[in-house]
Amino acid sequence: WVTHSTTEGVNIVMHGLEWDAGDELVVCDLEHAALMSPARVLAQRKGVNVSVAAVSPKASQDDILEIIDRELRPGVKLVALSHIQYTCGLKMPIKEITNLAHQRGIPVLVDGAQSVGQIEVNVKDLGCDFYAMSGQKWLMGPTGTGALYVARSSMELLEPHFTTYALEAERPSERLPLARFSLASQNGALVAGLIEAVSIAKRIGLGQIETRSESLSDLLRERISHVDGCEVLGPIAGPSTCGLVTLRVGDWDPSDLVEELEQQFGIAARAVHNPDGIRFSTHFFNTEDEVERVAATLVEVASRHF
Ligand SMILES: Cc1ncc(COP(=O)(O)O)c(C=O)c1O
């Protein structure tokens, strides 16, 4: 179902479920505000207990499973987590988390803002109930586009939060099951842009994009490990890594460092919090030379700083 953003998809699910005071919602402490904000609103308006699992940015897949498993107590109504954590690039074992949650009859909502277009995502294989995504991030589509997947078997869990003319449609063709969740009309030009972005990604190959993005970020992590004063704050190797690399250079304020890199060297990174650092993203169109230039620049700025 086409939405306007990941945030819209997350809200459709969070506010579409039926909550009673005292029900529990499990999230983790690395989540984006797109997920934490509706969680906070549910706590305030419905008396939902939001259980925030502490997950280290360097947690192994087994650690994450153990932590989430402990949270799955009776009374939990939903587990809501990002597929890839936006600050540190920690990839979560969504398929295994979904298995655990489903064993206890708990549905799973995934925030896929940082995963779709970066890694291969097969919602059927993951088994999750709800998967929200953005068009404008790794897919490089237009801002103001996104999509929400709802597993057929989980459709009846949701009631529409916003009600629109789609609910009143007389023609059966307009009464598509997911149209019940539409928030507002879509801009046809933006949707066309999203469709084109998806078809470009498919032409390149989602598997190839993932492999390329990962190999460039591996190179960056490898180079950073030799830079004095530089520390990777997210996962270093293995199944938790992806094309997002977050690092710290000594105690350099992340925003100041981002500005320095952009103004002095024309390198674009972004400051993040929790963990506090600067984040690089390597996509398929980046080159090894660009990664080497970033690494050489970090050596230079780190040596000036210490
Ligand atoms: C993990 C995550 N979720 C949600 C969002 C918000 O995405 P959107 O603007 O499509 O709602 C972001 C944006 O950076 C994000 O990183």
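This is a predicted model: local features need pLDDT of at least 70, side-chain atom pairs count only at pLDDT 80 or more; totals for chains, interfaces and linings use all residues.
**Note on the salt bridges**

1. K95 is partly exposed, with a relative accessible area of 33%.

2. K95 pairs with D125 in a salt bridge; their closest N and O atoms are 3.0 Å apart. K95 sits in helix α4 (residues 94-103) and D125 in helix α5 (residues 123-126), so the bridge ties together parts 30 residues apart in sequence. D125 is also partly exposed, at a relative accessible area of 42%.

3. Now to R73. Its side chain meets that of E24 in a salt bridge, at 3.1 Å from N to O. This pair links distant parts of the chain, 49 residues apart. E24 belongs to strand β2 (residues 24-28), while R73 lies in the loop between α3 (61-71) and β4 (76-82).

4. R73 has another partner. It forms a salt bridge with E71, and here the closest N and O atoms are 3.2 Å apart.

5. R73, at 35%, counts as partly exposed.

6. How many salt bridges does a search of the whole structure find? The total is 12. Among them are E24 with R73, E71 with R73, and K95 with D125.

Key: Residues are numbered from 1 along each chain as its sequence is written. Side-chain values use heavy atoms; hydrogens and water are left out. A salt bridge is a side-chain nitrogen of Lys or Arg within 4 Å of a carboxyl oxygen of Asp or Glu. Helices (H or I, at least four residues) and strands (E, at least two) are DSSP runs, numbered from the N terminus. Buried means under 20% relative accessible area, exposed over 50%, partly exposed in between (1.4 Å probe, protein chains only).
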